[in-house]
Each structure stands twice: as structure tokens, then as C-alpha cells.
Amino acid sequence: MIYRLHPDYPELFPDPEGADPEGLVAVGGDLSVRRLLAAYGAGIFPWYGEGQPLLWWSPDPRCVLFPEKFRIPHTVRKEIRKCGFSVTVNQAFCDVMTGCAATPRPDQDGTWIMPEMVDAYASLHELGFAHSVEVWEHDAAGNTLVGGLYGVGLGRAFFGESMFHLRPHASKLALVSLMEWLKARHCQLVDCQMATDHIMRYGAECIPRHDFLQQLRKALCRGG
């Protein structure tokens, strides 16, 4: 039986180890700042589609990147060196989320990044808990956002949410730039949620949920 979140207790989540086989932990609640921070701190994240109730997940296994194990494939180094884009951090957060929402995904029908999700994470961003990396193309018409990513930062953990690109290699540059930014801030754990061929190229690994939760607790205890 799936746990239904209580509307009056935004910080109360069940143990993610009790998730169903697909990783579903709970249903309901809202996207308030308090609830989102409690969820991420417990290793849980929201994901749901249009017309569905709010669903909270903690998959097993969990795909993660350890910054000290991050590697840049040789071909990627060459590609991002030649692309001519520039990178900023935390300069166009909502635009990045909108770009992620508008980008078609081969394995998805529509988007899970709906307007209420953008509003919720924008609130996290305003409080310093959510961050974006922006990739810009420069031409005679000005600067155009051609790629980026966003996620949530707590302590020394970062929870990647989504990325997009409108030009080849823009999302690769965003990821490499994110990891450089996180390493400078002594990040210890990057949650990638689910494994993809793309992220595995950079040294990501899938670990049991129990191990992920242990690593997360350590990263949170050591602060930002």
C-alpha cells in the first residue's frame, strides 16, 4: 500500500526503503519549499505527468556521480573546446527549466516539468537551494540560450533534475561546467536518479538505494 502524504505535515515522508518495486514512495502532498527540501534530504524526488497525482520516488538502484570519479571522454573534450559557447551559473534559472520542459524526449509523451513545477523550483532557487547552468551562443543578434541544466543543492550533495540542448554539444558543456562548479564547492555526491547511456559515459555508477542513502546522509552532515 502506497503512503499518502498528509497535507498538514510537509516534512513527514515514509522511509524510502519501503518504496514499491518501481521506486514509488508516496502520493499526494504539494510542492512547497518545506516539502521539497524534506524530500530531497530523504533521498526522494517528485516526478509525475499531466493528469496524474503528485508522485514521489526513490528508485533502487540509484544512479550517481562521485565528483572525484568524474571523467570527460576524449571526444567530448574536443567537442566542447571547439563549440565557442559561453557558460554562466544561476543567471537564467527559469529559462533553463522552460527549455528543459519544451525539449522533446524520445521516451516521453509530453513533459513532467509543468508550470507549477517551474514555480516551485524557482522558489527553491530564490532561497539558494536550486541552481542552473546556462550555455549561450553569441552572434550578431545577441546572446541565445542554447542549453543548460538545473538541480537542487543540499549540503555537499547535488540532485540533478533535467538538461536540454538546442545546439550540438551544449548539454555536454553544461554537465562539465556543473561538475567543475560543484568540485570547487566540495560536493561529494551527485544524484543522477536514473541511468542513461549519456551520463554513464562520464563515470556515473548505479548503487543500491541503501548505499545511496548512506552516502547522502554523509554529504548532508558535512554541510555546504
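Helix α5 is mostly covered, with 12 of its 15 residues buried. The model is a predicted one, and the buried part of α5 takes in A170, S171, K172, L173, A174, L175, V176, S177, L178, M179, W181 and L182. Just past the end of α5 comes H186, which takes a positive phi of about 60°.

Next, the nonpolar cores. The largest of them has 49 residues, and W56, Y121 and Y150 are the members that touch the most others. Helix α4, residues 115-126, is the top contributor here, giving five residues. Both domain 1 (3-61) and domain 2 (63-220) put residues into this core, so it lies between the two. Apart from it there is another core, this one of 28 residues, including F70, V76, L173 and W181. Two of the residues listed for that other core, L173 and W181, also turn up among the buried residues of α5. As a general point, nonpolar side chains in soluble globular proteins tend to be buried together.

Back to α4, which pairs up with helix α3 (residues 93-102): the two axes come within 10 Å and cross at roughly 150°. Angles over 145 degrees count as roughly antiparallel, so that is how α3 stands to α4. As for handedness, the α3 and α4 crossing is right-handed.

Definitions and conventions: Residues are numbered from 1 along each chain as its sequence is written. This is a predicted model: local features need pLDDT of at least 70, side-chain atom pairs count only at pLDDT 80 or more; totals for chains, interfaces and linings use all residues. Side-chain values use heavy atoms; hydrogens and water are left out. Buried means under 20% relative accessible area, exposed over 50%, partly exposed in between (1.4 Å probe, protein chains only). Helices (H or I, at least four residues) and strands (E, at least two) are DSSP runs, numbered from the N terminus. A nonpolar core is a set of buried Ala, Val, Leu, Ile, Met, Phe, Trp, Tyr and Cys residues joined through side-chain atoms within 4.5 Å. Domain bounds come from an automatic or database domain assignment. Axes are lines fitted to C-alpha atoms, for helices over the stretch in contact, and angles run from 0 to 180 degrees between N-to-C directions. Angles under 35 degrees count as roughly parallel, over 145 as roughly antiparallel, 65 to 115 as roughly perpendicular and the rest as oblique. A crossing is left-handed if the near helix is turned anticlockwise from the far one by less than a right angle, and right-handed if clockwise.
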